[in-house]
Amino acid sequence: LRNRLYRTIGHASWQFHSHHHSADSVHLLDEVVENIGQGTYSVLQLFVVGSQAIVYLLVSAQISPTMTVLMLITGLLLYGLVMPINKRVFRHSQRAVAASRTLYRTMADFFAGLKLAKSYNRTENHIEEFVTNTRDLRGEQKALLASSASAQMWLRILTVALLCLFVYIALAVFSMGADRLILLIILANRLYQALSSGQNYWQYMLRMLPAYETYVRAADEFNRHAEAQPGNDKTVPPLQHKISLQSVSFFYTDKQQAALDDINLSIPAKQTTAISGPSGAGKSTLADILMGILTPDEGKLFVDETELEPGTLPAWREHIAYVPQEVYLFDGSIRSNLNWACRQDKDEEDLWAALEAAAAADFVRQLPDGLDSLVGERGLRLSGGERQRIALARAILRKPEVLILDEATSALDMENERKIQEAISQLHGNLTIILIAHRESTVQQADHVIELNEGKVKDKG
């Protein structure tokens, strides 16, 4: 279940992920799947307990069919008496799943914003929120355990009472002999114990059902937003002349206004094109469409004469390298971060060539372990400019036909910006470069400039 869900999450579209909280996915993969595993074990144990109960009833029927029917009726009566408690168990389980999901969100937001929280002295607010959510979850868990314990308590009390009644009827009504009576008492006791165990496992199953319902609902939602998977015959020929957008429009689900509105433009191959405009103009949305992680709601995208349809977008992404404003580096070595974007590890010579092209080789050589130096979580052991140059080297190592840089220098100082601009200028003419930028110094590097405003092409030249 965990592997299947992980695959389903990975294949969901970027548009869906952009408004889905990642902590909900972690909660599903961790606690929800774990609860389903425990509940499944309980279902299997119910079969074991049920088989034992059938054996006890069959043996008992050989001794006294009438007393066996009585045992069966009283057993069903016992279960009927604890049914209302089982309903409470199910309700508290539903609330516990919701409270646990909220706690996961709180933890994810805390770690993602810890630096900012410290800078504003708001750490205590995060901690208070965590304590409050923990208290809510603990309250539901205590209520859940109290309901389960209550059911077990009443089952044990009623089992003793029924055994006493059972002995009285056997002696007073049927005048049963001591040998048969003792054997029936043992069988009845075992049957009621099986019933008590069955009730316990039944409650575990009830506690699992809300988790399973959450899992199925989430998996269905991810599947509904899945990207079209390419077939073996889905390929995109190399870019020769231009990338074209014809009457392209795109709407985010939470916005009424189009993020892109009737865009018509061409991006020539082997040249540098800058896409500029104010914040909210649609620059990043256009970049996402160009790299094939968003599908236009209206219009068409062409590579030369080949139309990019949903089934060919994954194949098109093999031709592209992307450097975002917020660089993603995982907690590993520089070598592993560079190789991460490639289907197979590259030779050391290729790694250094990519670092040289990205103006990153000098500072990497100065690190104690060179290529094997660790960058820390999210690359925090490196400066912002160093992270950006490692990201650019990773993109170059991929040997793309199209390089998209989305505000890749906007957060850097002038010196680091200059180094990256020099690295980009060295790539000019070798591949198609698309710069998403608002700084004039970045735009000046381009052969062509497309200016967006409010999702429309305002000017190009």
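Predicted model: local features only at pLDDT ≥ 70, side-chain atom pairs only at ≥ 80, totals over all residues.

Colleague: How many salt bridges do you get?

Modeller: Side chains of opposite charge can pair when their charged atoms come close. The rule here asks for a side-chain nitrogen of Lys or Arg within 4 Å of a carboxyl oxygen of Asp or Glu. By that rule the count is 10.

Colleague: Which helix holds both R217 and E213?

Modeller: Helices here are DSSP runs of H or I with at least four residues, strands are runs of E with at least two, and both are numbered from the N terminus. R217 and E213 form a salt bridge at 3.7 Å, N to O. They sit 4 residues apart, about one turn, and the helix that holds both is α7 (residues 178-224).

Colleague: Is R217 buried, exposed or partly exposed?

Modeller: Buried means under 20% relative accessible area, exposed means over 50%, and partly exposed is in between (1.4 Å probe, protein chains only). E213 has 41% and counts as partly exposed. R217 has 46%, so its class is partly exposed.

Colleague: E318 and R343 pair up too; how many residues apart in sequence are the parts they tie together?

Modeller: The closest N and O atoms of E318 and R343 are 2.6 Å apart, in a salt bridge. E318 is in the loop between α9 (313-317) and β6 (320-323), while R343 is in the loop between α10 (334-339) and α11 (348-357), so the parts tied together are apart in sequence by 25 residues.

Colleague: Which residues make up the network that includes R335?

Modeller: R335 and E348 meet in a salt bridge of 3.4 Å, N to O. That pair links distant parts of the chain, helix α10 and helix α11, 13 residues apart. Salt bridges with shared partners make one network of R335, E348 and D372.

Colleague: What is the relative accessibility of T273?

Modeller: T273 belongs to strand β3 (residues 272-276). Leaving out residues up to four places away in sequence, T273 touches I267, P268, I433, I434, L435, A446, H448 and I450, where a contact means heavy atoms within 4.5 Å. T273 counts as buried, because its relative accessibility is 0%.

Colleague: Where is the kink in α4?

Modeller: The expected span of a helix is 1.5 Å times one less than its number of residues. The 48 residues of α4 (residues 65-112) should span 70 Å, and the end C-alpha atoms are 67 Å apart, which agrees. A bend is the angle between axes fitted to the seven residues ending at a residue and the seven starting there. The kink in α4 is about 45°, shortly before the proline P84, at M83.

Colleague: Which strands stand at the edges of the sheet?

Modeller: Two strands pair if DSSP finds at least two bridges between them. The open sheet has 4 strands in the order β2-β1-β4-β5, with antiparallel pairing. Each edge strand has a single partner, so one side of each lacks a neighbour in the sheet: the edges are β2 (260-268) and β5 (306-307).

Colleague: And which residue does L245 stand opposite?

Modeller: Strands β1 (residues 242-250) and β4 (residues 298-303) run antiparallel and are joined by 5 bridges. In β4, the residue opposite L245 is L301.

Terms used. Residues numbered from 1 in each chain as written. Heavy atoms only, no water.
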